[in-house]
Amino acid sequence: MSDIDKVSFPTKQEIIDSVDRLQNEAIEKLKQMVSFDSLLGKENDIQIYMEEVFKSLDLKVDRFPIIKEDIEKLPGFSPVNWSYDGKENVVGLYEPSPSSHCSLDAEKRKSLLFNGHVDVVPTGREGLWTQHPFSPYVKDGRLYGRGSGDMKAGIVAFIIAFKALRELGFVPASKLVMQTVVEEECTGNGTLACLAKGYNADAVIIPEPFFNIVTAQVGLVWCKVTVRGRPAHTLEMETGINAIDGAMYVVGELRKLEEEWNKKEICHESFKQFPHPLNFNLGIINGGEWTSSVPCECAFNLRAGFFPGTPLEQVREKVIQVIEKACKEKSLPYNIEWNGFQAEGCVHPQEGQMMKQLGDTFRNTLNKEPVYSPLLCTTDTRFFELYYNTPATCFGPEAKNIHGIDESVSLDSLRDVTRVLACFISDWCGLQPLH
Ligand SMILES: [Zn+2]
């Protein structure tokens, strides 16, 4: 009898049952995480909490600051005009000790990385929420609160997946990295900083709030456009130049560019199912000082989507051209700043080994067909896929109203994703006894 015969590895059903026994703990953990108002610049408290969670699982924990100088020359870096003081990522690392009892042969065992972001977007007017956005509550099988779906539930899913295996007395037989990052909602520089420190694996899953396996994502740029006019009293309005009117004209011209980029004939093959895959969003606008004065300045922030394969430089040039032309026509001095997302689009090929395995594990675990589909936003998977030659995808719990009012996540879906991730660790990394 060989050594391996002495260990009986958990069945799929045993793994599922172990996950299900931890569902209440998962919900409690998610509530705690949502109660942190981890907005941009306020991510530190939750990261200290995450460090404790990882330590409780006996992971090797690295909580480290993002040093802008260490990453600003790397491909994928997005410039920022805010401070990185005190901004930290947390990495929990599991490295198995050699064991002769592994569920997979050595050549089949592969390492895995789970990544999730703890930063959340602003809540909008709090009074519009049924309850305070950072006072999570459960109703009709959903947990409500800012960040519940995007993407604290996803983080809970991979933590509980790992824990469920441990509860059965097993751990991954290959390296497993679990990391919680900051800055996903504005730059991705948190994940880039983890990569710069050498944290990577043979495959990456980011449980963003999409119950589909993600096959592609658009690129996007952020910019802030400031248009200057000439102030005047409204009784001699013709002597002034209205910066707000000017900005509205520029936006109109940018909308034409948006329509041009969305033309059916030039649609990227991964996004043909969408009638309008590339969205330009006017996210912030500021201008004017006085109702009876012709305003001298108006600034707006634009988010512009574009297809994978289009170089960033080309995207920016096109946007600049349109703004330049429009401002010239209206005799408006202008300024463009490129802070925040400068993110290329990318494709996650469905034929890849990890993508196939994730689909198989999904099918075997949940007894239904996985859906593969593209995304009209960006996620941190792009860094792994584009710059570190590592297959990556998103797959996470179903959520509603992310970035909106009364954001919520389905708790059944959280459980299903956790089941799939736990089984995926077993299928991809292999298992070995905890002791
Ligand atoms: Zn997200």
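Reply: Let's start with D150, which is buried because its relative accessibility is 7%. Buried means under 20% relative accessible area, exposed means over 50%, and partly exposed is in between (1.4 Å probe, protein chains only). Before we go on, this is a predicted model: local features need pLDDT of at least 70 and side-chain atom pairs count only at pLDDT 80 or more, while totals for chains, interfaces and linings use all residues. Residues are numbered from 1 along each chain as its sequence is written, and side-chain values use heavy atoms, leaving out hydrogens and water.

So what does D150 do here? Together with H117 (through NE2) and E208 (through OE), D150 (through OD) coordinates the zinc ion, at 1.8 to 2.1 Å. Donors are N, O and S atoms within 2.8 Å of the metal (3.2 Å for Na, K and Ca), and sites may look incomplete since water is not among the atoms. Along the chain, the zinc donors are spaced as H-x32-D-x57-E. H117 belongs to strand 3 (residues 112-117) and D150 to helix 5 (residues 148-167), so this pair ties together parts 33 residues apart in sequence. Helices (H or I, at least four residues) and strands (E, at least two) are DSSP runs, numbered from the N terminus. H117 counts as buried too, because its relative accessible area is 1%.

The buried residues of helix 1 are I15, I16, S18 and V19. Look down the axis of helix 1 and these buried residues fall within an arc of 160 degrees, so they line one face of the helix; the arc is taken from the directions from the helix axis to the C-beta atoms. They pack against helix 2 (23-34), helix 5, helix 9 (353-366) and helix 11 (411-428), where contact means heavy atoms within 4.5 Å.

In one of them, D427 meets K12, with the closest N and O atoms 3.3 Å apart. That pair links distant parts of the chain, with D427 in helix 11 and K12 in helix 1, 415 residues apart. Both ends are partly exposed: D427 has a relative accessible area of 24%, and K12 has 26%.

Now try D20 and R419, whose closest N and O atoms are 2.6 Å apart in another salt bridge. D20 sits in helix 1 and R419 in helix 11, so the pair ties together parts 399 residues apart in sequence. D20 is partly exposed at 27%, whereas R419 is buried at 17%.

Helix 9, another neighbour of helix 1, has a salt bridge of its own: the side chains of R363 and D360 meet at 2.8 Å, N to O. These two residues are three apart in helix 9, about one turn of the helix. Back to D20, then: salt bridges that share partners join D20, D412, R415, D416 and R419 into one network.

Notes: A salt bridge is a side-chain nitrogen of Lys or Arg within 4 Å of a carboxyl oxygen of Asp or Glu.
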